Amino acid sequence: MSVDAGRACALGRKAGALPAEGLSDSGPLARLRVARYANLVTNNALYATAVLCLILAVAAAVLSAKLRAARAALTEAERKLAVPPPPPPPVTVECRREAFGILWFPVLTIDERRRLVTAASVGLPHCPRCVKPMSLKPGPAGEWVCPACGEVRAGSAADIRVTDSVLGEALQEFLSRRGGGYALAEGIRAPKSAKA
Ligand SMILES: [Zn+2]
């Protein structure tokens with residue numbers, strides 16, 4: 001021990017902070033000091049643990065709130081980005097009619113979601129013998145001729161009055177067969193006797 005250290009120890013003993021030279025540290029006073037020190041340490045450890053738990057609980061609550069907000073924002077973004085499903089493709093219904101010795105196959109286009117007939121086409125006249133599309137023969141007579149078997153019909157057998165009548169019958173048949181609930185889109189002429 002150096003001279004300075006020895007002097008410091010002597011001063012400590014004189015002030016009572018250190019046991020006097022020659023006295024043992026295992027006496028009742030020393031044991032009391034140790035017990036008080038251990039008690040202080042234990043109390044401090046419990047306090048520190050409680051504070052740490054409180055800090056962790058607050059941090060968990062803050063993180064939980066942030067997570068909830070992030071999930072809500074994600075759900076909202078997904079809702080905005082969601083593309084509505086495409087409408088179902090229209091359904092076509094082909095009918096078969098005969099008028100003045102000519103076959104017709106009118107086609108109706110149906111929007112099943114809206115229960116609406118959106119289009120109606122009478123199509124070409126067909127040969128009643130071989131069921132092939134007939135063609136209009138050029139010339140003043142304006143006859144319809146079957147290119148397959150040569151069957152001929154007068155031009156008047158497929159004029160606008162006939163095609164209107166055929167289309168009206170097809171619409172009437174469709175509406176009566178499907179029952180109520182179906183309507184005709186704007187621009188499609190309803191047959192007079194049909195109940196749309
Ligand atoms: Zn034919």
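Strands β5 and β9 pair in the parallel sense, over two bridges, where two strands count as paired if DSSP finds at least two bridges between them. This is a predicted model, in which local features need pLDDT of at least 70 and side-chain atom pairs count only at pLDDT 80 or more, while totals for chains, interfaces and linings use all residues. Residues are numbered from 1 along each chain as its sequence is written. Helices (H or I, at least four residues) and strands (E, at least two) are DSSP runs, numbered from the N terminus.

**The sheet**

- Four strands make up an open sheet with mixed pairing, and their order is β1-β4-β5-β9.
- At the edges stand β1 (91-94) and β9 (183-184), each with a single partner strand, so one side of each is left without a neighbour in the sheet.
- β1 and β4 pair in the antiparallel sense over four bridges, and within β4 it is Val-107 that stands opposite Glu-94.
- The pairing of β4 with β5 is also described as antiparallel, over five bridges, and Ile-110 has Val-117 of β5 as its bridge partner.

**Turns and positive phi values**

- β4 and β5 form a hairpin with four residues between them, and Arg-115 in the turn has a positive phi of about 50°.
- Arg-115, which lies in the loop between β4 (107-111) and β5, is exposed, with 12 other C-beta atoms within 10 Å; a residue is called buried if 20 or more other C-beta atoms lie within 10 Å of its own, exposed if 12 or fewer, and partly exposed in between, with C-beta atoms placed from the backbone.
- Phe-100, in the loop between β2 (97-99) and β3, has a phi near 55°, which is a positive value in a residue other than glycine.
- Phe-100 is partly exposed, with 15 other C-beta atoms within 10 Å.

**The nonpolar core**

- The largest nonpolar core has 19 residues, of which Leu-108, Leu-167, Ala-170, Leu-171 and Phe-174 touch the most other members; such a core is a set of buried Ala, Val, Leu, Ile, Met, Phe, Trp, Tyr and Cys residues joined through C-beta atoms within 7 Å.
- At least two residues of this core come from each of β3 (102-104), β5 (116-121) and α3 (160-178), and α3 gives the most, with six residues.
- Phe-174 touches Val-93, Cys-95 and Leu-108, when residues up to four places away in sequence are not counted; contact here requires that the C-beta atoms of two residues, placed from the backbone, lie within 7 Å.

**Val-93 in strand β1**

- Val-93 has its place in strand β1 and is partly exposed, with 16 other C-beta atoms within 10 Å.
- Leaving aside neighbours within four places in sequence, Val-93 is in contact with Leu-108, Ile-110 and Phe-174.
- Although Val-93 and Ile-110 are 17 residues apart in sequence, their C-alpha atoms are 7.5 Å apart in space.

**Helix α2**

- Helix α2 (residues 28-81) has 54 residues and should span 80 Å at 1.5 Å a residue, which agrees with the 78 Å between its end C-alpha atoms; the expected span is 1.5 Å times one less than the number of residues.
- α2 is hardly covered, since the count of buried residues among its 54 residues is zero.
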